[in-house]
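Welcome to this short tour. Open your viewer, switch to a cartoon display, and follow along one stop at a time.

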Amino acid sequence: MIEFSVNMANRPGQLATLARELGAAGVNIETLAAVSSGPESSVKLVVNNDDAARRVLKDAGVHFEERRIVSAVLHDQPGALAQMTEALAATGVNIEAMYLLHASAEGLHFAVAVDDPDKAQNQLETS
């Protein structure tokens with residue numbers, strides 16, 4: 001999975017415009033986090049079609065960054081997050097961001113942005 005980070009002005013309609021443009025291109029937003037600080041907003045999103053999202057952002061002249069993220073499924077029970085984060089920390093992996101994608105009977109499905117995706121994926125698969 002790819003996380004797109006977009007910085008935009010903190011004013012009405014900015015997120016609506018971004019969502020409309022992505023939707024018009026058939027891109028579904030799977031998860032999104034938006035935080036404002038003063039005159040700027042930071043939007044992090046994961047979509048179902050990275051190539052199409054990249055084209056939309058480039059065509060709109062929007063500055064963005066992207067990074068690979070890994071997925072983790074946690075049992076919906078006390079201590080599950082602590083166990084997963086401690087396992088990553090023990091291997092020297094730093095968590096930079098984490099998003100809840102969805103919940104299912106299988107558990108809580110997270111997207112995790114880390115400083116070493118390969119090492120993190122290996123750890124998550126063996127945990």
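**Stop 1: The whole chain**

Start with the cartoon: the protein has 4 helices and 7 strands. What you are looking at is a predicted model. Now show the C-alpha trace, which spans about 40 × 30 × 25 Å along its principal axes. Of the 127 residues in the protein, 34% are buried. Among contacts between residues at least 6 apart in sequence, 62% join residues at least 24 apart.

**Stop 2: The largest nonpolar core**

In soluble globular proteins, nonpolar side chains tend to be buried together. To see a group of this kind, select F4, L18, L22 and L45, the residues with the most contacts inside the largest nonpolar core, which has 15 residues.

Keep L45 selected. Which residues is L45 in contact with, leaving aside its neighbours within four places in sequence? They are I2, E3, F4, L18, L22, I29, T31 and L32.

Then move on to V70, A72, F110 and V112, which are included in a second, separate core of 12 residues.

**Stop 3: A pair of rings**

How many aromatic pairs does a search of the whole structure find? The search finds 1. Select F4 and F64 to see the rings, whose centres are 5.9 Å apart; their planes are at 55°, so the pair is tilted. The pair links distant parts of the chain, with F4 in strand 1 and F64 in strand 4 (residues 64–68), 60 residues apart.

Are these two residues buried or exposed? F4 has 0% relative accessibility, so F4 counts as buried. F64 has a relative accessible area of 16%, and because the cut-off for buried is under 20%, F64 is buried too.

**Stop 4: The largest pocket**

For the last stop, select A72, V73, L74, H75, Q77, A80, Q83, M84, A87, L124 and S127, which line the largest pocket. The volume of this pocket is about 240 Å³. Strand 5 (70–74) and helix 3 (80–90) are the elements that give two or more residues to the lining. Helix 3 gives the most, with 4 residues. Finally, colour the lining by residue type: there are 7 nonpolar residues, 4 polar and no charged.

Key:
Residues are numbered from 1 along each chain as its sequence is written. This is a predicted model: local features need pLDDT of at least 70, side-chain atom pairs count only at pLDDT 80 or more; totals for chains, interfaces and linings use all residues. Side-chain values use heavy atoms; hydrogens and water are left out. A nonpolar core is a set of buried Ala, Val, Leu, Ile, Met, Phe, Trp, Tyr and Cys residues joined through side-chain atoms within 4.5 Å. Buried means under 20% relative accessible area, exposed over 50%, partly exposed in between (1.4 Å probe, protein chains only). Contact means heavy atoms within 4.5 Å. Rings of Phe, Tyr and Trp (its six-membered ring) pair if their centres lie within 6.5 Å; planes under 30 degrees apart count as stacked, over 60 as edge-to-face and the rest as tilted. On a 1 Å grid over the protein atoms alone, a cavity is a set of points where a 1.4 Å probe fits but cannot get out, and a pocket is an open set with protein on both sides within 12 Å along at least five of seven lines; lining residues have an atom within 4 Å of a point. Grid points are joined across faces, edges and corners, and a volume is the space filled by probe spheres set on the points. Ala, Val, Leu, Ile, Met, Phe, Trp, Tyr, Cys and Pro count as nonpolar, Asp, Glu, Lys and Arg as charged, and the others, Gly among them, as polar.
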